[in-house]
Amino acid sequence: MKPISSRMSTISLSPIKDIERTARKLTNVISLAQGIPAFPPPTQITQTVIQHLSQHQAHTYTVPEGRLSLRKKIAQDILKRSQTHYNPETEILITGGAMAAIQATLLTLLNPGDEVVVLTPAYASYFGQIRSAGGVPICVSMRPENQFRLCLEDLKQAIRPKTKAILFANPNNPTGVNLQKQELQQILELALQHNLYVIADEVYRDFVWQGQHTPAASFPELKPQLISVFGFSKTYAITGYRVGYLATSASLANQILKVHDNMMTCAPHPAQIAAEAALELNEKEKYFMHPTLLQNRTKIHQTLNQLPHFQCHLPHAGYYLFAKLLPPSQHQPGSSTQFSQFLLQHAQVATVPGNAFGQEGYLRLSFALPPQQLETALKRIQKLLQSQSLPPTHTQAA
Ligand SMILES: Cc1ncc(COP(=O)(O)O)c(C=O)c1O
């Protein structure tokens, strides 16, 4: 048999999904690994989908760019958030989640060997997505000693003739850093200066606990080279529906649409109905998880900080704690993987090692789950670590 594409040797399954898969095979594991809000979505969403399905109004393909009624609602929402007008007919595409929006964009933009600057720590899948499109990820570290905020000089130095695009999540997953308007402006000015595309992943924009979210779309001068990405998965707890969107110039949207169509024809129709119902919710219904998430955020932060193994900062956004592993937990390269495996095997708690995001020495823990479950997970971690006089070693973690 002939070998498969050599590109595949550079790609592995996202470590987050790998861990989640392992966790689901084991019994009695509490997962703080994959970013799945473990809450039922607002009933209006479910009811609207059921109603459409039972009346046979959601079982067919939609047009490849997605339902126009949904695109119109999205355009209104973008206008309200960013004061920038996007034409729902030509400048918005409904996609199979934010993932498909990013992958279709990268496949549209990149030639083999083109470089994409990624602000790290970064969502683990970006690396595989860039490589899948034949590109080369170039990491620019938002350094821990700088509270994971952008150092403009580092970004400037990463830009080379082969650089095609800058890709980042704002707010950031895993660190929870929410870029200030000025920081965002600096990135965008650099992109304008070097004629680069900017892919701004804003899936956590509705989980900002400190400060405000500035949409990249609020800089209209960048519109011709900006691709703003959003997914409904997180805000509305509908990760399984697979629906998101991108907003960009009509000419780029037209090109990206061809790729998305070739990948999946259109975003799932029932999911588009769900997205439309989601955009009808009032503020209270929309932010239904917030009180619990805020309570969980305090709880996990306090509990882990009391253990000598961790040092944590309260995340300004998102629903992850990115905990620094202190010696002796962090005493050798690859230790975050070992530590994560140690917790999985001995405390039955799944977490994601920092190196999945390009940052060794850290552990990401999701706190988007019911408080009682979170409390049980934390008690398990406490019990294990307080009973261990030795740090996790290769042997223990094996
Ligand atoms: C930063 C970031 N972008 C995109 C996604 C995927 O979103 P979606 O479910 O809309 O594809 C995730 C999921 O965890 C994420 O953390």
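Helix α4 passes helix α5 in a right-handed crossing. Helices (H or I, at least four residues) and strands (E, at least two) are DSSP runs, numbered from the N terminus. A crossing is left-handed if the near helix is turned anticlockwise from the far one by less than a right angle, and right-handed if clockwise. The two helices cover residues 97–109 (α4) and 125–132 (α5), and their axes come within 8 Å and cross at roughly 35 degrees. Axes here are lines fitted to C-alpha atoms, for helices over the stretch in contact, with angles that run from 0 to 180 degrees between N-to-C directions. On the α4 side the contact is made by M99, I102, Q103 and L106, and on the α5 side by S125, Q129, I130 and S132. Two residues are in contact if their C-beta atoms, placed from the backbone, lie within 7 Å. By class, the contact of α4 with α5 has four nonpolar, four polar and no charged residues. In this scheme Ala, Val, Leu, Ile, Met, Phe, Trp, Tyr, Cys and Pro count as nonpolar, Asp, Glu, Lys and Arg as charged, and the others, Gly among them, as polar.

The model is predicted: local features need pLDDT of at least 70, side-chain atom pairs count only at pLDDT 80 or more, and totals for chains, interfaces and linings use all residues. Residues are numbered from 1 along each chain as its sequence is written.

Helix α4 also takes part in the ligand site. It gives the most to the shell around the ligand, with three residues. In total 13 residues surround the ligand, and the closest are G97, A98, M99, G231 and S233. A residue is near a molecule or strand if its C-beta atom, placed from the backbone, lies within 6 Å of it. The shell divides into five nonpolar, seven polar and one charged.

Past α4, the loop between α4 and β3 (115–120) holds P112. P112 counts as exposed because it has 9 C-beta neighbours inside 10 Å. A residue is buried if 20 or more other C-beta atoms lie within 10 Å of its own, exposed if 12 or fewer, and partly exposed in between, with C-beta atoms placed from the backbone. P112 and I199 are 87 residues apart in sequence and 18 Å apart in space, C-alpha to C-alpha.

Strand β3 itself contains V118. V118 is buried, because 25 other C-beta atoms lie within 10 Å. Leaving aside its neighbours within four places in sequence, V118 is in contact with Y126, P137, I138, C139 and L167. Of these, I138 is 20 residues from V118 in sequence, and the C-alpha atoms of the pair are 5.9 Å apart in space.

Next come some points of backbone geometry. The loop between β5 (163–169) and α7 (181–194) holds P171, and P174 lies in the loop between β5 and α7 as well. A cis peptide bond joins N170 and P171, with omega about -5 degrees. The peptide bond from N173 to P174 is also cis, with omega near 20 degrees.

Which value of phi does H56 have, although it is not a glycine? Phi of H56 is positive, at about 55 degrees. H56 lies in the loop between α2 (43–54) and α3 (68–82), and it counts as exposed because it has 8 C-beta neighbours inside 10 Å. T265, likewise a residue other than glycine, has a positive phi near 65 degrees. T265 sits in the loop between α9 (250–264) and α10 (269–278), and is partly exposed, with 13 other C-beta atoms within 10 Å.

Finally, the domains. The domain assignment gives domain 1 (15–41 + 288–387) and domain 2 (43–284); such bounds come from an automatic or database domain assignment. The centres of domain 1 and domain 2, taken over C-alpha atoms, are separated by 26 Å. Between them, 24 residues of domain 1 are in contact with 25 residues of domain 2. On the side of domain 1 that touches domain 2, α1 (15–25), α12 (290–305) and β10 (320–325) each supply at least two residues. By class, that side of domain 1 has 16 nonpolar, six polar and two charged residues.
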